[in-house]
Structures are given as structure tokens and as C-alpha cells.
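The sequence and structure are shown below.

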Amino acid sequence: MASTYLTLVNNVLRDFNEVELTSSNFTNSRGVQTVVKDYVNRSITDILNSDLNWPFTRAAGSVDVIAGKSLYSHASIASTLKYVDYDTMFLKPKDYIQNGDYEIAGSASITNWTTVSGTPAASSKFGNTLLLTNAEASQEVTDLIVGRSYVVLTQTSGATLTLEIGTSSGGSQTKSATLSIANGNEVALTETTFTATATTHHVSFTEAAGSAAFVKLVQLSEDVQPRPLKYISYEEYNESFRERDSRLDTNKFAEPEYVYTTYNDEIGLTPIPDTSNRTLEFDYYVSHTDLSSATDTSIVPTRFEPVINARAKYYTHMFRSDVQAAQFSLKEYEDGLKRMRVELLNRKNYMRAV
């Protein structure tokens, strides 16, 4: 676990034989203590800015595509977004289920599920799951397209469940399927296809035999194939597609094939999306948010915290006009960065057909 802001600051103060801070007086620091607090944040920023692709700054992003909208700002994705990895752009059908992958532990894992009967509960068995025993839980999904085919992917364990899809809570007007479990610890992965008869449907799970049934995963999306998007430069977009996308012509609307970036920190799609039931997924890299409270933790992995320490000592030595000592700390920092690049960025080269 990464060290706290308090620990990082005290590590530097200790090297200078200065009075260390405590959690109770951290906000009331004075003199060199306050300077070191600033230098720790500056050091973390320096490390992050020394390379774009530090793996510990990598995050997963997504944007729900809107019909007729081609540009999506970085700020709408994350306030800390620094750089988008356009080689990871992937367009997939939108998942209409809220909180269906049970990544959250405790009672929050059943948020968005409505009790129809019995007492649905959160469980930690088989990971974080929805537990049903003589109970039924339902979730409403909206904005479906009438006449389109949709797939519900489920992962269940423990006991047999009934999956019902209808236009009312707990209803089965559209589809009913049995999710069978032969053995208690068996995991069943099931695909259930249905055709939407209304824009709003309800997805329900029922256990009626008094056994403990666990729902681990629920996903509902249109029955279409996901696809990667090819990156093109903004210049290539202007030369090849901007004229088409500017016309008063319905031919400019279709499923996107290319992604580009503008000079205003926006993700662009072309052709312009013709539907709002797609999600754009990608990886991006985050910037540093300054640590402020004593308990804040650094994004830099624990084993590389001496690099933060070395950089902060360099700034502190320069503050004290001790140039010779600053050079030693600078060398320690640069050697630490080299070690980080060897461990985190160097990858084996390989060849592939293109």
C-alpha cells in the first residue's frame, strides 16, 4: 500500500534532521515543513511528466455514444485525463444493466435492483453476488429499440433460477428462461436472446425452491458485434472525411469506423454515430492531483517512493542553496527514474503480421 502524504513528507524532513509533522499538526506546518510538502507534490508531478505511459497512471475510460454527436471532450471523461491511448479504442454495444457485475462489496452491490418478493441480499460467496432464496429481484431498463434483438448474458451459481423479461416489474411477457444448476458449486454461463416489444423492459430473477441461488454477472446489450476503431490523425480526417461530415446529407450518419483527436482535447468519431446504443471504451493516462490531507496517498507504487524522496531532497537542497548536495540528490533521482523505466516500461520486442 502506498505511503501517506504525511509519511512522504516526514521521510524528507528526517533526512534534513528537521522536526517531523503529525496528523494533528499537519495542516499547521511552518517554514521548511511547508516547503517540503510542496516539493513532495512537485516531485510526484515530475515523475509522472517524465513519461506518458507509466502503467500505474493507466485507467479504463468509456463514453456512451450519442446519435448525431461526433466530438467528446476529455473533461467529460475524467478531470485528471492526460493522454488517451487511441490504439485501444473499441466500440461495443451499450450495456443497459446498472450494477450488474457486482464489483462492489456489501449492500451497495444490489443497488439498482428492486425487490419484487422475498428478501434479495448481497453475498460475498462466489465473489460479490446477488443472493436469492424464495425471492425475486428486478431491474428496469429503458431506451431499448422496438424490434431489435438483445442478449442477456448471465453467470449464476448455487441453485436454479428463472430469468424473466417483461414490460412490467416481475413480468414475463417478452421472455422466460430457466437458468439450471445441476451441482451447487457449479457456475452456469447463459445467453438469453429476446426481441424488444417496448422501449422499457424489466429483467427479473426468481428463486422459488428455497435454495440459495447466486447471481454473479448480468449484462444486457443489443445483439451486434463489437469492433475496434482505427485511429487517424486530425489532418487525415480533414483531408478525407470532414467534407462528408459537414454536408446536409444522411449518408454522413453510420456506425463509426475511425477515431481521431482534435486540438481542443476532444475525441472525434467518423462517420457520425447514427445510434445512441453504443459505448466507446478505451484506456487513458491520468495526471497527478496534488496531495493535500495527511492521509492522502501517492499514485506512485510504494517501491519507487525513494524516487519521490530523492527529487524532494533535490528541491530542498536548492532551496537552501546547497548546490553540491542537490547534485547528489539529482543523480539519485535520475538513477531511480532509469530503474522505473527498466521495470515498468521496457517490453520484449516481437514481430507480427500486419
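Contact here means that heavy atoms lie within 4.5 Å. The model is predicted: local features need pLDDT of at least 70, side-chain atom pairs count only at pLDDT 80 or more, and totals for chains, interfaces and linings use all residues. Residues are numbered from 1 along each chain as its sequence is written, and side-chain values use heavy atoms, with hydrogens and water left out.

Leaving out residues up to four places away in sequence, Thr156 touches Leu161, Leu179, Ile181, Glu186, Val187, Ala188, Phe214 and Val215. Thr156 belongs to strand β8, residues 149-157; strands are DSSP runs of E with at least two residues, helices are runs of H or I with at least four, and both are numbered from the N terminus. Thr156 counts as buried because its relative accessibility is 0%. The terms are set as follows: buried is under 20% relative accessible area, exposed is over 50%, and partly exposed is in between, with a 1.4 Å probe and protein chains only.

Beyond four places in sequence, the contacts of Thr279 include Ser62, Val63, Asp64, Phe90 and Pro93.

**Aromatic rings**

The whole structure holds 15 aromatic pairs. Rings of Phe, Tyr and Trp (its six-membered ring) pair if their centres lie within 6.5 Å; planes under 30 degrees apart are stacked, over 60 edge-to-face, and the rest tilted. Phe282 and Tyr284 form a tilted pair, because their planes meet at 55°, with ring centres 6.4 Å apart. Phe282 is buried at 3% relative accessibility, and Tyr284 is buried at 8%. Ring pairs also join Tyr234, Tyr237, Tyr260 and Tyr263 into a cluster.

A charge sits over a ring if NZ of Lys or CZ of Arg is within 6 Å of the ring centre and within 35 degrees of the ring normal.

| Charged residue | Ring | Distance to ring centre |
|---|---|---|
| Arg42 | Tyr315 | 4.6 Å |
| Lys69 | Tyr72 | 5.2 Å |
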